[in-house]
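The entries follow in the order in which I looked things up.

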Amino acid sequence: MGTAGGGSRSGALKQLNVGGKLFAVEASSLSLSLFLDSPPPSPTFVDRDPELLSAILSAIRAPSSAPAFPAGLLLDEAHFYGLDAQLAAALSPPPLRGFSASLASTLSPASEPFPTALAAHHDGSLCLAHGAGQVTCYSPALEHLASFRTHLHRVTSLRQLPPGLAVLGSSSAPGLHVYDLLEGRHVATVQWSDPTDTRVGKAKVIAIAARPPADAADKNSPILATFECPHRENCILAVDPITLKPTQEIGRQTGSAAKSSVPGRVVHLQELGLIFASSVSAGAFGYSGYMRLWDIRSGKVVWETSEPGGSGRSSRFGDPFADADVDVKRQTIYKVCSKSGDVAAADLRCLGNDPWVYMSSGPRGSGGGHGSVLHCHKSQVFVSRMDGLEVWSLLEERHRDAGNLAEQRGTTEISSSEGINEKNYRSCYVDTEEDAKRGMIRMMAGGGDRLFVTREDMQGVEVWESSRLAGAIALS
């Protein structure tokens with residue numbers, strides 16, 4: 001007879017006869033009010049498959065073991081018994097630690113599997129654009145939910161918009177396009193409009209800001225997207241997520257020079273009331289670009305820097321950044337230098353003319369930063385390089401998450417008042433040299449405790465997770 005429960009044996013047990021097999025389940029764990037009226041001595045008969053319930057209980061007891069049935073089937077069955085929350089937690093990957101992550105699986109759409117855009121959600125699900133305007137959605141258990149073809153020839157930017165919607169940008173059609181993910185139905189198109197200049201109606205979306213986390217105070221914060229006209233004029237447009245109408249135009253620029261080109265990345269710093277935007281251009285003479293912070297209320301620039309040269313000049317004049325991102329939780333800007341490949345950090349709370357603290361990579365990080373992509377997720381900084389995927393983390397994070405590592409013993413948490421100190425950071429490579437041979441990483445998206453990556457000229461999306469055995473201590 002199987003026994004189920006949330007780990008505590010103090011609750012009253014309820015006997016179930018599931019398809020002829022007896023189970024003893026804590027009554028508080030069940031949502032079977034329909035069956036709980038039977039006399040206590042006699043088990044309640046449930047006309048369901050006992051093998052599925054056994055697999056559910058096994059998965060809850062031993063999360064590190066692979067389930068005997070598809071996750072979607074088990075989750076549907078667990079919902080009947082009221083065990084879906086416990087099962088979902090058991091099937092979720094452990095906290096993502098870059099220094100112990102490994103390739104867990106590869107998602108490959110059935111047709112045209114070359115990704116063009118990624119949108120990971122906070123629950124670990126993924127929305128993937130690929131091929132000629134196709135979109136495929138995966139559940140938090142990474143099971144295929146839906147696939148559909150949009151009216152767009154190529155989707156180049158993508159974000160999920162709960163509940164069940166996605167916003168898309170395309171290099172082939174103007175406007176910000178909203179789709180119902182499960183029905184594959186086009187819901188609306190939002191366009192940049194200006195009565196004094198009709199040309200902006202042809203503006204295409206270049207980048208879309210990620211939505212705030214599930215526990216954010218304001219879940220109805222605006223959708224932020226960068227628009228660019230055929231004549232290079234550009235702006236950041238704020239769109240109401242309920243009415244899908246533009247509410248504010250921010251940072252309108254001519255686009256006639258590198259310092260006024262359209263931002264390729266935009267991040268909403270909701271707690272600070274700021275918008276971070278960066279633009280990078282690469283050519284025969286190297287990289288150039290800018291970073292700016294706008295006050296979302298006034299629409300004015302409160303800080304900016306451009307490389308090489310310009311206001312807020314960097315001390316590394318000949319080493320402009322190749323990519324930049326923001327750790328929203330730690331309120332820190334990170335960039336990767338295009339020549340040296342060094343990673344630099346700047347505290348948003350004390351920005352100045354040269355706020356950067358530089359950190360050099362390890363032995364494998366000698367190939368520079370040309371073509372590198374930088375992504376912040378779970379207070380970690382992931383950097384793609386020619387020779388692999390590197391992760392940077394603070395000693396306090398590694399000490400808290402992997403206290404068994406000898407090099408981290410005795411470290412203490414870092415106070416924000418101490419500022420950024422390069423000695424508090426450590427880096428290592430997430431992938432092996434064999435992994436790196438599959439190609440350089442071109443896109444990264446963090447969702448939940450997963451990191452989704454795509455490689456140059458490779459099909460599908462790699463899913464990186466930490467093992468439940470990471471940090472385990474061997475007992476002799």
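**Helix α2.** I began with α2, where A71, G72, L74, E77, A78 and Y81 are buried, buried meaning under 20% relative accessible area, exposed over 50% and partly exposed in between, with a 1.4 Å probe and protein chains only. I noted that these buried residues pack against β2 (13–18), β4 (44–46), α1 (50–61) and α3, a contact being heavy atoms within 4.5 Å. After α2 comes G82, with a positive phi near 80°.

**Ground rules.** I wrote down that this is a predicted model, in which local features need pLDDT of at least 70 and side-chain atom pairs count only at pLDDT 80 or more, while totals for chains, interfaces and linings use all residues. Residues are numbered from 1 along each chain as its sequence is written, and side-chain values use heavy atoms, with hydrogens and water left out.

**Whole protein.** I found five helices and 32 strands, taken as DSSP runs numbered from the N terminus (helices H or I, at least four residues; strands E, at least two). Of the 476 residues, 52% are buried. Among contacts between residues at least 6 apart in sequence, 51% join residues at least 24 apart. The accessible surface comes to about 21600 Å², with 53% belonging to carbon and sulfur atoms; the areas come from the Shrake-Rupley method with a 1.4 Å probe, and for residues only the protein chains shown count as cover.

**Second largest pocket.** I then returned to α2 (71–81), which, like α3 (84–91), β5 (101–107) and β32 (461–466), supplies at least two residues of the lining of the second largest pocket. On a 1 Å grid over the protein atoms alone, a pocket is an open set of points with protein on both sides within 12 Å along at least five of seven lines, a cavity is a set where a 1.4 Å probe fits but cannot get out, and lining residues have an atom within 4 Å of a point. This pocket has a volume of about 710 Å³, a volume being the space filled by probe spheres set on the points, which are joined across faces, edges and corners. Of its 34 lining residues, L91, S92, P93, R450 and E465 are the closest to its centre.

**Cavities.** Searching the whole structure, I found two cavities of 30 Å³ or more. The largest has a volume of about 40 Å³, and its lining includes D327, R330, Y334 and Y425; β28 (388–394) gives the most to this lining, with three residues. About 30 Å³ of space lies in the second largest cavity, whose lining includes A209, R211, I223 and H268.

**Nonpolar core.** I next looked up the largest nonpolar core, which has 20 residues, with V167, L176, W192, I208, I223, F227 and L244 having the most contacts inside it. Such a core is a set of buried Ala, Val, Leu, Ile, Met, Phe, Trp, Tyr and Cys residues joined through side-chain atoms within 4.5 Å. Strands that each supply at least two of its residues include β11 (165–170), β13 (185–190), β14 (204–208) and β15 (223–228).

**Residue D197.** Leaving out residues up to four places away in sequence, D197 touches H231, E233 and R252.
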